[in-house]
Amino acid sequence: MKRYKSAKAARRRTNILVHTLLAALAAIWVFPVLWVIMTSFRGEKGSYVSTFFPQTLTLDNYTRLFTDTAVLNFPQMFMNTLIIAVCSCLLSSFYVLSVSYCLSRMRFKMRKPYMNMSMVLGLFPGFMSMVAVYFILKAVGLTEGSLIRLALILCYSGGAALAFQIAKGFFDTTPYAVDEAALIDGCTRWQIFTKITLPLSKPVIVYTLLTSFISPWVDFIFAKVICRANSDQYTVAIGLWKMLEKEYIDSWYTSFAAGAVLISIPIALLFLKLQKYYVDGMAGAVKG
């Protein structure tokens, strides 16, 4: 009995230590988020203030984003980003799911080399090809005017099929007998994919949609290189970066924090709404 009580006390101390460590890590993670939110409501202008907590609170920082559009047109940047992110999300998801299904269900000559090649290419960051991509887009006339949005959509969705591993792992968990039964009944591969496999794969579809949406929503590097000085085609990431330049930072710093809060809301809402499917998609892929 004494040994049992001693072991129980040791486990209790371990649990307290673990929970304390997790609480400290959570506080460290949440602190920058809280700071940005507080700064977005701060009434004092400028990036350097004498107090950590705002002395006055105001909604003017949020209002200014949508009313003061002469210098930095935040509504236009937001719409540009939304259009690019939605179109890229749909195209990327279609590419990823199609390639993943083919690699999971079909056997063809270049299947293994393609998977090996994609694994090797995945080791290199995408911005290494930035210069080459820009000159290719420039050669075909996609770096001027409204075509810049099309260029960004092509950039974000063009190489999406290389990220097939998660979706393929999920498709591998679906019994192949389902496909065989559908083939015997006269279904084509396309019908099996669209009418049988996809309805059974909602978790991985949601996971693919979320990851495909986030990348263009928050990207700065490709958007900055391709947009260059075309301010009417700027995305939100470029707009927020402009607010921190030396000629704008003193008057736009608090509005920058407000913009950071606003662009995080759609992602947060999507994750909260679709969290169950996101986790199920990851779990199914790992199991596969």
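**Close-up 1. K168 and the residues around it.** In this predicted model, K168 touches S100, L103, S104, R111 and M115, not counting residues up to four places away in sequence. You can find K168 in helix 7, which covers residues 165-172. Is K168 buried or exposed? K168 counts as buried, because its relative accessibility is 13% and the cut-off for buried is under 20%.

**Close-up 2. The largest nonpolar core.** This core has 34 residues, and L65, F74, L152 and M243 touch the most other members. Several helices supply at least two residues each, among them helix 2 (60-67), helix 3 (74-105) and helix 12 (236-243). Helix 13 gives the largest share, with six residues. As background, nonpolar side chains in soluble globular proteins tend to be buried together.

**Close-up 3. F74 and its contacts.** Let's zoom in on F74: leaving aside neighbours within four places in sequence, its contacts are L65, F66, V236, M243, G259, L262 and I263. Elsewhere, a second, separate core of eleven residues includes A160, F171, I192 and V204.

**Close-up 4. Where domain 1 meets domain 2.** The domain assignment gives domain 1 as residues 1-61 and domain 2 as residues 65-277. Eleven residues of domain 1 are in contact with eleven residues of domain 2. Together the two domains bury about 880 Å², with carbon and sulfur atoms giving 65% of that area. On the domain 1 side, G46, S47 and N61 supply 46% of the area buried against domain 2. Helix 1 (residues 2-40) provides the largest share of the domain 1 side that touches domain 2, five residues.

**Close-up 5. Polar pairs across the interface.** Between domain 1 and domain 2, look for two residue pairs in polar contact; the rule finds zero salt bridges there.

Conventions
Residues numbered from 1 in each chain as written. Predicted model: local features only at pLDDT ≥ 70, side-chain atom pairs only at ≥ 80, totals over all residues. Heavy atoms only, no water. Core = buried A, V, L, I, M, F, W, Y, C linked by side-chain atoms within 4.5 Å. Buried < 20%, exposed > 50% of the residue type's maximum accessible area, 1.4 Å probe, protein only. Helix = DSSP H or I, 4+ residues; strand = E, 2+ residues; numbered from the N terminus. Contact = heavy atoms within 4.5 Å. Domains from an automatic or database assignment. Buried area = accessible area lost by both parts, 1.4 Å probe. Salt bridge = Lys/Arg side-chain N within 4 Å of Asp/Glu carboxyl O. Polar contact = N/O pair within 3.5 Å; in protein donor to acceptor, adjacent residues only side chain to side chain.
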